[in-house]
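Keep the sequence and the 3D view open while reading.

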Amino acid sequence: MSTYSKELEVAQLAVQRASILTKKVFHEKAKGTVSKDDASPVTIGDFGAQALIIQAIKKNFPGDQIVGEEEASTLRNDIKLRDQIWAFVRETTLTDANAEKIVGGPIETVDAMLDAIDAGNSAGGSKGRIWALDPIDGTKGFLRGGQYAVCLALMVDGDVKVGVLGCPNLPIDDAAPLTAESGVDQTDAEGKGVLFSAVSGQGATSRPLGTAGLGKSKSIQMKPVEDITQATFCESVEAGHSSHGDQHAIVTKLGVTKPSVRMDSQAKYGSIARGAGDIYLRLPVSATYQEKIWDHAAGDLIVREAGGQVTDTLGRRLDFSKGRTLQENKGVVAAPKAVHGQVLEVVKEVLAKK
Ligand code: AMP
Ligand code: MG
């Protein structure tokens, strides 16, 4: 067995199972008629997906720590919310019995669900095995029927070793190029739903995001950029997460004419890793904001394993060993290795002028 093959299998199936839950929550709570007593679909989906994923990790790797975005303290006092989440968690299973067994089977009680959510309380750091989990990355995209991702990565001594991204609203087809429409209203229709994965030193893959066991995987690579002016750049939908103005200045300086494709979540990392797009920039809006490790760990590894280079806007590797945030980094520049230097230079120039 190759290194981390068990971790990879558990992570992929756990993300796949959690994605079944998020899709169900979207269809029943975000799209359907929402009653006044209902909690936000994001809240239900976030907590539910976190519980299912942590359950799978704890059953398989009981000694591992988890840095999760959510914590359950408010839930313990909010019985109505807790029960709404439980209703989704208890009925979410992989339809392949063996796959469901690998992720540890169903969570047995409400208390076990709350304990699982709480287990995401690790402070992170540079020692030992720590999972970084974002149960719904891109919550705004999730609500809009745009892009979102269920994100899970294993770090060992501060280095990302395994990364998995479940993207229910991206096309299965790796060859489908990004367009302005890619980030908007792409609700998991026919042909949608992809699971990206990577293991350090072993390359990156994509496969359909199903509801049973794992589908057949394909190796993915970034597309070589022959002419930077023709490259497809991507950025956040939210101008509060990445500066649209700076991005515009950078791409203009590089001679790029195509508008950047806007999409929520780490779906941006997955999309450039498989060559559907080329370059992802995340340009700091606030001087004090620290990026969260769960927003980048899986995507960073998947892009690097697909032939890319990922740094911050000053050219430093993303450092996941500093706790729950990337406190030693500012923003992100993710691009194919061959053009990363050229892009970074212009990023530095434009940001220095501010
Ligand atoms: P995206 O979908 O790429 O816009 O990124 C979504 C993530 O942005 C969320 O998971 C938040 O953790 C993160 N976020 C929140 N505020 C900021 C901020 N001011 N700058 C950068 N990222 C942020
Ligand atoms: Mg997030």
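The sections below go from the overall fold to the pocket, the metal site and some local details.

## Overall fold

The model is predicted. Its chain holds eleven helices and twelve strands. Along the principal axes, the C-alpha atoms fill a box of roughly 55 × 45 × 40 Å.

How does the radius of gyration of the chain agree with that of a compact globule? For 354 residues, such a globule would have a value near 20 Å, and the chain has 19 Å, so the two agree. Of the 354 residues, 57% count as buried.

## The largest pocket

The largest pocket holds about 530 Å³ of space. It is lined by 32 residues, and those closest to its centre are D137, H241, R282, Y289 and D295. Strand β2 gives the most, with three residues.

Where does the largest pocket lie relative to domain 1 and domain 2? Domain 1 spans 5-219 and domain 2 spans 228-352. Both give residues to the lining, so the pocket lies between them. By residue class, the lining divides into 14 charged, eleven polar and seven nonpolar residues.

## The magnesium site

Which residues coordinate the magnesium ion (ligand 2)? The donors are D134, D137 and D295, each through OD, at 2.0 to 2.3 Å. Their spacing in sequence is D-x2-D-x157-D. The pair D137 and D295 links distant parts of the chain, 158 residues apart. D137 sits in strand β2 (residues 129-137). D295 sits in the loop between β10 (279-282) and α10 (297-305).

Are D137 and D295 buried or exposed? D137 has a relative accessible area of 9%, so it falls under the 20% cut-off and is buried. D295, at 13% relative accessibility, also counts as buried. These two donors of the magnesium ion are also among the residues closest to the centre of the largest pocket.

## Positive phi angles

Most residues other than glycine have a negative phi. Two residues in this chain, Y4 and S265, have a positive value instead.

Phi of Y4 is near 65°. Y4 lies in the segment before α1 (5-31). Its relative accessible area is 19%, under the 20% cut-off, so Y4 is buried. S265 has a phi of about 75°. S265 is in the loop between β9 (261-262) and α9. S265 is buried too, with a relative accessible area of 9%.

At 0% relative accessibility, Y269 counts as buried.

How far apart are Y269 and H296 in sequence and in space? In sequence, 27 residues separate Y269 from H296. In space, the C-alpha to C-alpha distance between Y269 and H296 is 8.6 Å.

## In brief

The largest pocket lies between domain 1 and domain 2. D134, D137 and D295 coordinate the magnesium ion (ligand 2). D137 belongs to β2, the element that gives the most residues to the pocket lining.

Notes: Residues are numbered from 1 along each chain as its sequence is written. Chains are lettered from A and ligands numbered from 1 in the order in which they are written. This is a predicted model: local features need pLDDT of at least 70, side-chain atom pairs count only at pLDDT 80 or more; totals for chains, interfaces and linings use all residues. Side-chain values use heavy atoms; hydrogens and water are left out. Donors are N, O and S atoms within 2.8 Å of the metal (3.2 Å for Na, K and Ca); water is not among the atoms, so sites may look incomplete. Helices (H or I, at least four residues) and strands (E, at least two) are DSSP runs, numbered from the N terminus. Buried means under 20% relative accessible area, exposed over 50%, partly exposed in between (1.4 Å probe, protein chains only). On a 1 Å grid over the protein atoms alone, a cavity is a set of points where a 1.4 Å probe fits but cannot get out, and a pocket is an open set with protein on both sides within 12 Å along at least five of seven lines; lining residues have an atom within 4 Å of a point. Grid points are joined across faces, edges and corners, and a volume is the space filled by probe spheres set on the points. Ala, Val, Leu, Ile, Met, Phe, Trp, Tyr, Cys and Pro count as nonpolar, Asp, Glu, Lys and Arg as charged, and the others, Gly among them, as polar. Domain bounds come from an automatic or database domain assignment. The radius of gyration is taken over C-alpha atoms; the globule rule is 2.2 Å times the number of residues to the power 0.38.
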